[in-house]
Amino acid sequence: MLYELQDVGVKELDQNQTYAEDGLFAVSKSFSALQKKSHVSLGIGYHEYQSYQKLRQKESGDSR
């Protein structure tokens, strides 16, 4: 499962296409729900790493 994390407006993304405003907790919640319904093993991927790092820092309170 691939999750888009780039900000709204980047490459014309809207709020329904990215988890940038919802955050990593929402990604985790979504992935867990999908795993429970799936009959196959799922993996998780984030697009793209810099956006992931930005969300991680924001959610951990790290202002770097």
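This is a predicted model: local features need pLDDT of at least 70, side-chain atom pairs count only at pLDDT 80 or more; totals for chains, interfaces and linings use all residues.
The largest nonpolar core here is made of seven residues, namely Y3, L5, L24, V27, F31, Y52 and L55. Two helices, helix 1 (24-37) and helix 2 (49-60), each supply at least two residues of this core. Of the contributions to the core, that of helix 1 is the greatest, at three residues. As general background, nonpolar side chains in soluble globular proteins tend to be buried together.

Which residues does L24 touch, once its neighbours within four places in sequence are set aside? The contacts of L24 are with L5, Y46, Y52, L55, R56 and E59.

Next, the aromatic residues. A pair of aromatic rings is described by the distance of the centres and the angle of the planes. In this model the count of aromatic pairs is three. One of them joins Y3 and Y19, with 5.2 Å from centre to centre and 75° between the planes, and this pair is edge-to-face. The pair links distant parts of the chain, since Y3 sits in strand 1 while Y19 sits in the loop between strand 1 and helix 1, 16 residues apart. Y19, at 23%, is partly exposed. A second pair consists of Y46 and Y52, whose ring centres are 4.7 Å apart; their planes meet at 25°, and the pair is therefore stacked. Y46 is itself partly exposed, with 34% relative accessibility. Together, Y46, Y49 and Y52 make up one aromatic cluster.

I now come to the backbone, where three residues deserve mention. The peptide bond leading from H47 to E48 is cis, its omega being near 0°. E48 belongs to the loop between strand 2 (45-47) and helix 2. The other two residues are K11 and E12, both of which lie in the loop between strand 1 (2-4) and helix 1. K11 is not a glycine, yet its phi is positive, at about 50°. E12, likewise a residue other than glycine, has a positive phi near 65°. Are K11 and E12 buried or exposed? K11 counts as exposed because its relative accessibility is 72%, and E12 is exposed as well, with 75%; the limit for this class is over 50%.

Finally, I shall consider two residues of helix 2, S51 and K58. S51 is buried, with a relative accessible area of 12%. Apart from its neighbours within four places in sequence, S51 is in contact with L5 and Q6. K58, by contrast, is exposed, at 62% relative accessibility. How far apart are the C-alpha atoms of K58 and H39? The separation is 34 Å, for two residues that are 19 apart along the chain.

Technical notes: Residues are numbered from 1 along each chain as its sequence is written. Side-chain values use heavy atoms; hydrogens and water are left out. A nonpolar core is a set of buried Ala, Val, Leu, Ile, Met, Phe, Trp, Tyr and Cys residues joined through side-chain atoms within 4.5 Å. Buried means under 20% relative accessible area, exposed over 50%, partly exposed in between (1.4 Å probe, protein chains only). Helices (H or I, at least four residues) and strands (E, at least two) are DSSP runs, numbered from the N terminus. Contact means heavy atoms within 4.5 Å. Rings of Phe, Tyr and Trp (its six-membered ring) pair if their centres lie within 6.5 Å; planes under 30 degrees apart count as stacked, over 60 as edge-to-face and the rest as tilted.
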